Amino acid sequence: MKTLSAAFALAVLAFGVVQAAALDRRVQINNNSSYNIMEFYASNTGSKSWEEDILGKDILPSGSSVMINIDDGSGYCKYDFLAVFEDGDEVISADNNVCELSQFNFTD
């Protein structure tokens, strides 16, 4: 009976790990500001550097939105965002839970 209980507990634990790994990390980034976003970065909270510019050669025009998959394969949910605007301003938003967040707004 103890073996059966241990096997059941292990199966429940494994199911929980699979569920956490399967969380949706897609976030719609809304540019509700008056300026185009030229660069956008998302890095694990606590990381010492920013990852690559997610927009690449594209921009996110004022009044537009883009759906971004922030899943880097780590299973991590907390990310810091950095947006670089056309006027050179940089806006950082820290500790965003992308496993629960479906939209994020940049405003003036």
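Phe-40 lies in strand S2, which spans residues 37-44, where strands (E, at least two residues) are DSSP runs numbered from the N terminus. The structure is a predicted model, in which local features need a pLDDT of at least 70 and side-chain atom pairs count only at pLDDT 80 or more, whereas totals for chains, interfaces and linings use all residues. Residues are numbered from 1 along each chain as its sequence is written, and side-chain values use heavy atoms, with hydrogens and water left out.

The protein chain has an average pLDDT of 85, and 80% of the residues score at least 70; pLDDT is the predictor's confidence in each residue, on a scale from 0 to 100. Over residues 10-21 the pLDDT stays under 50, and the model has 1 contact beyond four places in sequence for this segment, a contact being heavy atoms within 4.5 Å. Where pLDDT is low, the predicted coordinates should not be read in detail.

With a relative accessible area of 1%, Phe-40 is buried, a class that means under 20% relative accessible area, while exposed means over 50% and partly exposed lies in between (1.4 Å probe, protein chains only).

The structure holds 7 aromatic pairs, defined by rings of Phe, Tyr and Trp (its six-membered ring) whose centres lie within 6.5 Å, with planes under 30 degrees apart counted as stacked, over 60 as edge-to-face and the rest as tilted. One of them joins Tyr-76 and Tyr-79, whose ring centres are 6.1 Å apart and whose planes stand at 70 degrees, so the pair is edge-to-face. Phe-104 and Phe-106 form another edge-to-face pair, with 4.9 Å from centre to centre and 70 degrees between the planes. Tyr-76 is partly exposed at a relative accessible area of 34%, whereas Tyr-79 is buried at 2%; Phe-104 is buried at 13%, and Phe-106 is buried at 3%.

A search of the whole structure finds 1 disulfide, the term denoting a pair of cysteine sulfur atoms within 2.5 Å. This disulfide is formed by Cys-77 and Cys-99, with their sulfur atoms 1.9 Å apart, and the torsion about the S-S bond is about -80 degrees, so the disulfide is left-handed. Cys-77 lies in the loop between strand S3 (65-69) and strand S4 (78-85), and Cys-99 in the loop between S5 and strand S6 (103-107), so the pair ties together parts that are 22 residues apart in sequence. Cys-77 is buried at 18% relative accessibility, and Cys-99 is buried at 15%.

Strand S5 (residues 90-97) contains Asn-96, which is buried with a relative accessible area of 10%. Beyond four places in sequence, Asn-96 touches residues including Cys-77, Tyr-79, Phe-81 and Phe-104.

Ser-47, placed in the loop between S2 and S3, is partly exposed at 34% relative accessibility. Ser-47 and Tyr-79 are 32 residues apart in sequence, and their C-alpha atoms are 9.0 Å apart in space.

Notes
Helices (H or I, at least four residues) and strands (E, at least two) are DSSP runs, numbered from the N terminus.
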